[in-house]
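Visitor: I have a model to look through with you. Can we take it step by step?

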Amino acid sequence: MVDILAAPQQAKTDSALRTLTGISVAHWLSHFHMLVLPMLFPFLKERLGVGYVELGVALTVFGVVSAVIQAPLGYLVDHAGARKILLLGLCIGGMGLILLGIHLSYANLIICGVLLGIANGVYHPADYAILSAHTDEARMGRAFGIHTFAGYLGFAVAPALVAALVTVGGGQAALIACGALGPLIALLLIVLAVPDARAQREDSGEYKSQGGVITPALMVLTAFFTLLGLSTAGISNFGVVALMGGYGATFSIANMALTAYLGASAVGVLVGGYLADHTQRHGQVAAVCFAANGIIVAVVAYVTLPAITLVATMTLGGFLSGMIAPSRDMLVRNAAPADAAGRAFGIVSTGFNFAAMASPLLFGWIMDQNMPHWVFGLSAAFMIVTVVLTPFTEPRKAKAPQP
């Protein structure tokens with residue numbers, strides 16, 4: 001009897017593990033694909049005969065398309081099926097790189113940026129909708145943490161992997177090989193039998209429309225994501241040049257400090273996932289981590305630290321930055337209507353796209369004005385403003401009726 005009862009539970013656990021594995025691999029690819037074009041800029045500049053401004057246009061196109069299309073794709077995820085949209089996104093992003101690899105031209109570079117932008121708009125709505133529907137509630141935070149960690153890992157391996165592919169086969173072969181990963185991972189998801197987000201609710205008769213998804217909590221969360229993106233983008237993209245220009249750090253020390261920050265963020269995500277599963281106070285967790293991180297980054301901004309202390313301080317700041325991510329995702333899930341996880345994550349994730357478009361201009365202007373300390377100072381300010389927003393990121397509970 002025990003074996004009979006245990007079998008369905010074991011099958012459910014195995015299915016959840018396969019789903020988390022497949023979705024995490026897809027998220028790994030999304031972050032990996034973001035860095036393929038930047039890693040190949042020297043090759044593309046030489047072969048296409050254009051400048052870095054023209055190459056940067058492709059990344060701007062990528063960011064704009066992702067921002068515009070993410071919320072509509074969230075709607076499609078909820079109504080056409082997250083699994084189907086995710087498989088299409090994997091193939092579309094891959095085909096953009098393959099097309100550019102087969103025929104190098106500036107027009108195809110822009111088309112590649114468009115296709116990668118469409119694919120990038122798919123991942124968050126589809127991934128989180130599927131994970132929300134097929135992960136045990138007690139493990140939801142850890143699932144979100146592993147999913148985010150996989151994305152960080154995609155960033156981490158991209159430079160070395162792209163460089164290795166260029167060394168072995170050249171730039172065009174590298175584009176084709178990186179693009180081919182999209183359809184291959186789509187095939188992996190099919191083999192793993194990753195389910196649709198709606199399947200579980202439809203089978204149980206629980207799926208039904210709950211009305212609009214635009215709520216005050218989700219609008220605040222979109223601003224929350226924007227500020228989070230701005231605070232981390234400044235450090236990630238301009239931290240090295242700021243440390244060298246304003247603090248006298250050597251190139252190796254500045255890179256070591258940034259590497260420590262990013263590496264600790266990845267570890268913090270996993271710890272934050274465990275914490276998110278053991279508390280319902282996700283807003284308070286995010287607020288405490290943001291406040292502590294804001295103080296740490298402010299110290300880096302206004303105090304010239306010795307090399308070892310700088311690396312240690314950046315490590316702690318990165319760890320706290322990573323810990324926020326699972327609680328951040330749980331806030332969105334809790335604020336989303338029952339049938340609208342795709343739309344909810346699609347809407348709030350546009351905040352990251354807004355930050356990606358604004359941060360290079362903002363922090364680039366700061367460096368052009370020879371104010372490197374403000375790279376960290378403004379990042380700290382964004383974190384503090386985010387702390388102020390956290391009480392408004394959770395939907396208000398309805399008051400109990402008076403007897």
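This is a predicted model: local features need pLDDT of at least 70, side-chain atom pairs count only at pLDDT 80 or more; totals for chains, interfaces and linings use all residues.

Visitor: How many helices and how many strands are in the protein?

Guide: Along the sequence the pattern is α-α-α-α-α-α-α-α-α-α-α-α-α-α. The count is 14 helices and 0 strands.

Visitor: Which radius of gyration does the protein have, against that of a compact globule?

Guide: The C-alpha atoms fill a box of roughly 65 × 55 × 40 Å along the principal axes. For 403 residues, a compact globule would come near 22 Å. The protein agrees with that, at 21 Å.

Visitor: What share of the contacts with a separation of 6 or more joins residues 24 or more positions apart?

Guide: Contact here means heavy atoms within 4.5 Å. Of the 403 residues, 52% are buried. For contacts between residues 24 or more positions apart, the share is 85%.

Visitor: How far apart are the mean positions of the positive and negative charges?

Guide: The protein has 18 positive and 17 negative charges. Their mean positions are separated by 4 Å.

Visitor: Which helices do the buried residues of H14 pack against?

Guide: H14 covers residues 373–389 and reaches 25 Å, close to the 24 Å expected. Its buried residues include Val375, Phe376, Leu378, Phe382 and Met383. The buried residues of H14 pack against helices H9, H10, H11, H12 and H13.

Visitor: Is Val388 buried or exposed?

Guide: Val388 belongs to helix H14. Exposed means over 50% relative accessible area. Val388 has 51%, so this residue counts as exposed.

Visitor: How far is Val388 from Val50 in space?

Guide: The two are 338 residues apart in sequence. C-alpha to C-alpha, Val388 and Val50 are separated by 44 Å.

Visitor: What is the phi of Ala193?

Guide: Most residues other than glycine have a negative phi. Ala193 is partly exposed, at 44% relative accessible area. This residue is not a glycine, yet its phi is positive, near 55 degrees.

Visitor: What phi does Asn370 have?

Guide: Asn370 lies in the loop between H13 and H14. At 62% relative accessibility, Asn370 is exposed. Asn370 is not a glycine either, and its phi is positive, at about 60 degrees.

Notes:
Residues are numbered from 1 along each chain as its sequence is written. Side-chain values use heavy atoms; hydrogens and water are left out. Helices (H or I, at least four residues) and strands (E, at least two) are DSSP runs, numbered from the N terminus. The radius of gyration is taken over C-alpha atoms; the globule rule is 2.2 Å times the number of residues to the power 0.38. Buried means under 20% relative accessible area, exposed over 50%, partly exposed in between (1.4 Å probe, protein chains only). Lys and Arg count as positive and Asp and Glu as negative; His and the chain ends are not counted. The place of a charge is taken as NZ of Lys, CZ of Arg, CG of Asp or CD of Glu. The expected span of a helix is 1.5 Å times one less than its number of residues.
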